[in-house]
Protein chains: 2
Amino acid sequence: MGLIRSWVEGANRADSPFPLNNLPCGVFSAGTDEPRCGVAIGDFVLDVAGLEEAGLLSLEGGPLLDVPFWNEVMEAGPAVWAALRARLTALLAEGAAERAAVEPFLHRQTDVTLHLPFLVSEYTDFYAGRHHAFNVGTMFRGPENALPPNWLHIPIGYNGRASSVVVSGTEIRRPWGQVKGPDETMPRFAPSARFDIELEMGAVVGQPSVHGQPVTVAEADQMIFGYVLLNDWSARDIQAWEYQPLGPFQAKATATTISPWIVMRAALEPFRCSTQPRQVPLLPHLAEPGPMLYDIALEVGLTPEGGEETIIARTNYAEMYYSAAQQLAHHTTSGCAMNVGDLLGSGTISGPVKESRGSLLELSWGGKEPIAIEGGTRTFIEDNDTLTLRGSCRGDGYTIGFGECAGKVIPALADPYAR
Amino acid sequence: MGLIRSWVEGANRADSPFPLNNLPCGVFSAGTDEPRCGVAIGDFVLDVAGLEEAGLLSLEGGPLLDVPFWNEVMEAGPAVWAALRARLTALLAEGAAERAAVEPFLHRQTDVTLHLPFLVSEYTDFYAGRHHAFNVGTMFRGPENALPPNWLHIPIGYNGRASSVVVSGTEIRRPWGQVKGPDETMPRFAPSARFDIELEMGAVVGQPSVHGQPVTVAEADQMIFGYVLLNDWSARDIQAWEYQPLGPFQAKATATTISPWIVMRAALEPFRCSTQPRQVPLLPHLAEPGPMLYDIALEVGLTPEGGEETIIARTNYAEMYYSAAQQLAHHTTSGCAMNVGDLLGSGTISGPVKESRGSLLELSWGGKEPIAIEGGTRTFIEDNDTLTLRGSCRGDGYTIGFGECAGKVIPALADPYAR
C-alpha cells in the first residue's frame, strides 16, 4: 500500500510522521480549552471530539469521544476502531466533499498541548529483548549464565506502576532512594547516581479478557488497540540494591514516559514481521501463529542543557524475541484478567551491536565505558539532560510516526521531606 | 475504651465482630437491588447510601455514597471519615432519638450479598514478615543466607495485579501455568500442583500522594483509610520457575481475596502496637515515630468438600517487621504517586512457631512435611478445599472483626483454550 493522499497541509510529505495512513490517537488542548480527543494529520491535530459533537462522525454506541481519553473507543471494540478509521479517511482524503465542514476542526500542532492519550489501567513491563537480557545478564553473571533458564521459554515480566506513566514532555525529577555500593557496609538514602533510560515500545490493550480464562496468542493480537513509544526510566543503583528477591520496585516507579500518540494496529499492518528465530521451541500456547512484531526503526537522542543532540542508539522493534501478543497471552495464563487501558512495555530493545543498545547501562557497560556525546561524555544521565525516543515505519512514499517520547531530567529535591 | 452500646440487635454481644466501635465499610446488595455502600452493625448491614439519600446522613462535599464503592468517601479525607463515624455513632447508640427513622435502613446480614468494598486502583504486595521471609529463605538458600542483604533495611515489595482482587466468597479456579521440576529438562504447561495461600492484612490507601514527592512514615500512617484481611493466592510451582530475575508474576495473578469489610483506622486505634525490635537500625526516613502496627489475632481454616474445618494456623499482625505506614512511605521514596484505592498487602504473617505459619509452603515445609487436618493431610491446597482467613481485635468487652476472607478452590479448566 502506498500513501493515501489527503487535502490536509503536510500530510502528503514522504517524511511527515502523520499521513492519512497513520491517524494516531491523542488528547490535546488548545489555549485554555479542556483536553479532548484528537487525531494527528499532517501538521495538524483534528478535533475528533468536535467532529462527533457536530454530527460529522458517528460511532456505534457513541458518543465515545466526549471524554479526554481514548478508553471508551477502545472499549467499543475492533469494529468501531475500523469504522473510525474508515470515516476519518473519507473525511480527510484528497477531494473529500466534507472538506469545508472539517477544516474548522483542525488545529496546528504547534498551537496545542498534548496530554496522556488514555487512562492507564495497569502497567506491565517485560524483559523480552534477547540482546538486552544477554547484555545485562553478562554484566551481572558473566556470558555463560547471562540468560536465566526460563528466558527462552516465557516472556519474563513484572508488574509496574500505572501511576508512574506520564506523557512526553513531562519533566522527570531525579529520584532519591536507598542505595548501597559493593564496598559500603550500610545503605544510604541519596539521589540516584545511575539514572537511566529504557528504550521500549508499549502495547495498549483495547479489549478485556475474562478473569479465569487464558487467551491464545492470536486472540491477544486482536485485543491490542495500538502502540506507543515508551521510556521506562530506571535508577540502576536503587535497582541493584532492592531487586532481590522480588524484582524491581522503586527503581522503576519514578516515571514511565510514553509518546503522545497511540498508533493503531491497523496503521502498522503493512510493517508486520516475525520475532527472532527461536533458540528452543516454545510450548504451543506461546507460539506465534503468524508475524506479530513490527518493523519500527527506533532511535534515542541525548541533549545536554543548551547543547546539541547526539543520537546515542539506533535499533528496531523487530529485534524483540517475544511480541506483545505473546506477552499478553502469557499474562493471562494464570487466569489474570486484562482490562481496557492496560499498558505492556516490550522490554528494552537492544540490537546486536554496541550502537544499537537501548539503555545507558548497556551503552556504557555498567558505567565503565563512557560514551561520546557532542561536547562531552556520558555514563548515566546528568541533570538537565533531555532524552528523546523516536520511532518510524517507512512505507512506500510515506512514514508512520509516534511523535517524540521526550523527558528532561531535572535535579533531585534538595531535601525530599522538606514541606 | 469499652464497648459503645447500640440499640441494634447483636451489636452489644462481646463476641460480635461488629459492635458500634467498629463500623466497617462494605458494599452489599439485597435481593435484586443494585450494590450500594453499607456499614456492618451487630447482625445487620446499615444502608448508609439510603441514609444519605434520605437526608439522615450529610457529608461535606456529598453525596459521597451514591456509588457502589467507598472511594469517594476516602477521597474526601480524614475530616469526613471522622464526621461519618461520629454521625453513625450518634444514630446507632443506645437511646438515639433517630432510631425509628434509621431502622428501615437495616438489612439482616444473612439476607444480603457482599461485594468488593472499593475500586482497587493498584495493588502492591510486600514481603515484610520476618518469620515468613526467614522460613522461605531457609528452604531456598539455607538458614545462613535466608534473609536477603536488603531485607532488614527496606520493606521488600513488588507490584501485584489489581485486576486479580476479588471479594470473599468468590470461587478460585486452580490456575494453569508454565512449570519445570528440578529433574525435568523442559518446562510443561499444566495446572498448578502447589497452589497455596498467603495470610496477610491489606492496607487501603485513602489519600493520594503527589508525584515526585516522597511522604514520611507519619504522613503515610494518616493516608491509610483502613485495613482488610487479604489472601494472596500463590502457585508455588509457577513461581519457582518464573521468579528469577524480576520477581513473581503469573504465580500471583490468579486471584487475591479480601474480606468484605474495610475496618477503618479509627476503629483499630485502641489496638496499636509497635513493630518487632530492629535487628539493625533503619535509615531515618523509614523509622517509625510511634506504634503503627495493630494487635490483630489471625487464623486460617481449611475445610475439605463436605468435611470439617481444621484451623491450620494462628498468628498475629503484630508479628510484622514493617508496618503498612513504613511500606507506604517506602513506596513513595522514588517519587511514585500513590492514589486513593491503592491496596498494600502486608506480606505473609507467620509467627515464630510452626503452628503460626501463614502459608502451606511453610506449614508443610515445601511439601515435605504434610500437616494433619480433620480426616486427612495436606501439603498444598486440593480441589474443592475452602480456605478461610479470620481476624479480630479483643477490646474491653467487645471485638473488632473483618468478616471472613474465604475462597473455595475449584478444579482447573480441562483445556484452558477450549471455547
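Let's start with the interface. In this predicted model, 65 residues of chain A are in contact (heavy atoms within 4.5 Å) with 65 residues of chain B. Together the two chains bury about 5900 Å², 57% of it on carbon and sulfur atoms. Buried area is the accessible area, with a 1.4 Å probe, that two parts lose on being put together, summed over both. Which residues of chain A lose the most area to chain B? They are R161(A), L246(A) and F249(A), together 14% of what that side buries.

A quick word on conventions. Residues are numbered from 1 along each chain as its sequence is written, and chains are lettered from A in the order in which they are written. Local features need pLDDT of at least 70, side-chain atom pairs count only at pLDDT 80 or more, totals for chains, interfaces and linings use all residues, and side-chain values use heavy atoms, without hydrogens and water.

Next, salt bridges. The rule is a side-chain nitrogen of Lys or Arg within 4 Å of a carboxyl oxygen of Asp or Glu. It finds 6 across this interface. One joins R419(A) to E219(B), with the closest N and O atoms 2.6 Å apart.

Now one residue in chain B. Another, of 3.3 Å, joins the side chains of D232(B) and Y158(B).

How values were computed. Polar contact = N/O pair within 3.5 Å; in protein donor to acceptor, adjacent residues only side chain to side chain.
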